[in-house]
Amino acid sequence: MVCTVLQNRNLDELLQKLDFCRMAEIRLDSCKLSLDDIDELFSTAEIPLVATCRLSEVAKSHPEMSEIAVAKLCEQRLSKAIEAGANFVDLEIEAPKEMLKRIKKSCQENGALLIRSFHDFRGTDSPEALKAVVEKCVYHGADIVKIATTAHSEADAQTVLSLYDDPSIFTGNSSGRKEHTPETTEGRLIAFCMGDAGRKSRLQCLAKGAPFTYAALSEGESAAPGQWLAEDMQSQLERGLNAFDADVLVPSSKSYVQRAVIAAALAKGKSLLRRYTPCEDSESAIAVAQELGASVVRKQAGDDTDLEITGIGATEACLDHLTSLNVGESGLLTRLMVPVASELAAGPVTIDGHKTLKGRKLAGLKDIMTEFGVEVESEGETIPVTVKGHLNATNAEISGENGSQLVSGLLMAMPLAQRNMSLLVENPKSIPYTFMTADVLSKFGVKVSNEMLGDRDFLASDGDWSLCTEMIFKVRAGQKYSAADLDLEGDWSSAVPFLVAGAVFGRACVDGLNTASVQADLAIMDVLMAAGASITQLDSDEGEIHVRQSPLMAFDSDLSHCPDLFPVVAVLAAFCQGRSRLYGVGRLAHKESDRAAAICEMLGQMGVEVKVDSEQDVMEIVGHSLGWRQLNHKLLKGGRFTSHHDHRMVMALKVASLGADSPVEIDDLSCVAKSFPTFVEDFEDSVICTTVSETISE
C-alpha cells in the first residue's frame, strides 16, 4: 500500500489532491489548517489517512514558542484528527510521555492505530541499536513502529531491512517485555532508508511485510531524500493485477423476504412488500405462499417491484387442502414451514424440495418437533419430511446447536397455537436471524417476548451474543397476523463480496443497506474494521457505504452467528498480513456444501496456508498483503475450481480471482441464482484494468 505524503497545502488543495491518492499522510506541521479544517478533512475523507505533526518541524516554524507550547499545539492538532476519524496517528519517539499517554488513550477510544516513529537523518546505526529503538517504541505504546534512517550504502539499507527478520524485537524474547508487545511483526513494522542508497528499501519494505510505505505526490514535493513518486511506486504494485471499482445497489435480503412473504400469507388482509428482488429462494417462498392459498401480485413501482399479498387469515388447522409443500432449494424455508405447516394443516403434510437441499441434513428437527407433540417422518434426516399434529407443548426446552432456522419457524407457528407457550433455547446460534424473525413478526402484529441469559461474562459484556448461553421466548396463544406495509431490507449477504473486494483491490460504493439492521451479515462491518479497512457512511443508517483499499492486518473474528460470511471472509484473511482466526467452523457442515472443507480446498489449491482445529472450533489462515504477494511473486494460484454448487463459494472465488496469477475457472456459476441472480454480471462489471483475464465455464 502506498501512502502519499501531502504537505504545505490548505484545506481546498488537500481535498482536491485526495482524489489522486489511495492513502495519504497529512502533515499537520506544515499544512495551513485550522482545527475546523482538520475536523472536516479527516471526517469526510474516503481513503485511509495518517495524521502527523512533527514537534521538530513546528518548533522550526515557530521559534518563539517554548517546548511545552509546541507539544501542546501538536497534541491539539493530532487529537482533533483522531476524534474526526484518522486511521493512523504518527507520534515521534521524542514526544513527551504525558502527551503520549493522552494521544494513546484517544487512539484507543476512537479506533485509530498509533505509529511511533524514529528518524535518523545522519546515518544508520548498528542492528542492535535499531532493535533497541523498536523495542522502546513498542514498550511505549506503538501499534506500528516506523524506522527511517539515512543510508550511505546498500549495506545500511540491508541493516534496516534485516529488522523484519528478527521477531524477537516484537515478541519480547530479547527484552522480557512480552506483556507489552504484539504477537508478531506482521504488519507492525515500517522500516526503510532515506537517501539515494535507500531508495529501493522504500519498496522492499512492502515485500518484507510493512503495511504501507511513503511516496511523494509529484516532483519537487518529496518529504525526504530518496522518496519515490506515488504513481511510479503504485505502477510497480499493480502490474498484472485486476483492480476493482464498484457502484452497486444490493438486492433485497432473501432471509428477510422469505420471512415477510410467509407472514403476509398468514395475515388477514392485503400486505404490500416494497422493493422486491427475485432470486430462487425468494421465489420459492412466493410459491409456498400461493400453495397455502395466498394471492400474490407483482406490481412495478418505477425501477422496483412490489409484492401485493392477500393472506389467508391463518388459524390452527385452517387448511384442509394442505397435504404437500415444495420449498425449492431453501434450507430456511424448509425449517420455517415444518412447524408452520404442522400448525396450519388439518392432517399430515409432506415438505419436499430439490437440488442440494436433498442431501442437506435436518439435524435435530425430529427431536425438537417431537418435543412439541408433532410427529415427524423422514429417512436419513433429509427431505422429504412428513409432519402431523399441532404444537401442544406449554413449556419446551430445545438445543440451539443446529442453528436458528427451526427456532424461527417455531416462533412463526407458536402464535397460532391454542395455548400460551414458553420456549427455552440452550446454546443458541445465529442469534441475529432470530431477532430478524421477531422483527418481521412485530410488523405483522404478532408479539414475541424474548430474554437472553448468560454467565457473569455475558452480563459484563452488555449483551454480547457470543456469550449468550440461553434464550427464552414467550408467546401468547391465539394471535392473528395482520396485514402490513413495509420496505424489504437490502441484503447484507449480497454486499459482502463487493465490500471485501473494495477493501483489498480498489473501492466499492454499496447502496440499499441499513446499518441499523438486525441481519447477521451486518457483522462484515466489524470484520472489515478489525482488519483495518477504510469504511465511511454519510447521511444516515441507510446512506451509501464506501470502502477503500487500505493496509490490512490479521484479525480474529467469531462468525458463529453469521456463518454465511465464512467463505468471503476467508479470502479477505488471505490478503491480511499475519495469522487470522475465524471461529464458528462447526456451523459450516450442513450448508449448501460442507463449507469448511470447501474453503480449505479452495485456499489450499490457491497456495494459502489454512487449517481447521475442530476442538477449538477455529479456522486459521496465514495471509499476506496484496503488495507482499505482488513483490514476492506469491499471488494466489489460478486454475479450475469447484463451487460445490454453493452460491457463497462462487462469491468467494470471484473475489479471490482478482488476486490470482492466472485465470480462475469456476465449474458452476448458475447456483448464484439461489440468492443473487445477477451477481456474476454485477461483479465483473466492477473489474477494471484487467491484464490477467479470467476464464469462466458453466
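Which residues have the most contacts inside the largest nonpolar core? The views below start there, in what is a predicted model.

**View 1. The largest nonpolar core, with 162 residues.** Look for Leu292, Met337, Leu423, Phe444, Tyr481 and Ile524, the residues with the most contacts inside this core. Helix 18 (residues 492–505) supplies the largest share of the core, ten residues.

**View 2. Tyr481 and its contacts from elsewhere in the sequence.** Setting aside neighbours within four places in sequence, Tyr481 touches Ala263, Leu266, Ala267 and Lys268, along with Met412, Leu416, Leu441, Phe444 and Val446.

**View 3. A second, separate core of 39 residues.** Here you can find Cys21, Ala45, Ala71 and Met99, which are among its members.

**View 4. Helix 11 (residues 254–266) beside helix 13 (residues 331–344).** Their axes come within 11 Å and cross at roughly 15°; angles under 35 degrees count as roughly parallel, and helix 11 and helix 13 are therefore described that way. The crossing of this pair is right-handed. From helix 11, Ser255, Gln258, Arg259, Ile262 and Leu266 make the contact, and helix 13 answers with Leu332, Leu333, Leu336, Met337, Val340 and Leu344. By class, these contact residues are eight nonpolar, two polar and one charged.

**View 5. Helix 18 against helix 19 (residues 524–531).** The two axes come within 10 Å and cross at roughly 15°, which makes helix 18 roughly parallel to helix 19. This crossing is right-handed. On the helix 18 side you will see Trp492, Val496, Leu499, Val500 and Ala503, meeting Ile524, Met525 and Leu528 of helix 19. The contact has eight nonpolar residues, with no polar and no charged ones.

Technical notes: Residues numbered from 1 in each chain as written. Predicted model: local features only at pLDDT ≥ 70, side-chain atom pairs only at ≥ 80, totals over all residues. Heavy atoms only, no water. Axes fitted to C-alpha atoms, helices over the stretch in contact; angles between N-to-C directions. Helix = DSSP H or I, 4+ residues; strand = E, 2+ residues; numbered from the N terminus. Parallel < 35°, antiparallel > 145°, perpendicular 65-115°, else oblique. Left-handed = near helix turned anticlockwise from the far one by under 90°. Contact = heavy atoms within 4.5 Å. Nonpolar A, V, L, I, M, F, W, Y, C, P; charged D, E, K, R; others polar. Core = buried A, V, L, I, M, F, W, Y, C linked by side-chain atoms within 4.5 Å. Buried < 20%, exposed > 50% of the residue type's maximum accessible area, 1.4 Å probe, protein only.
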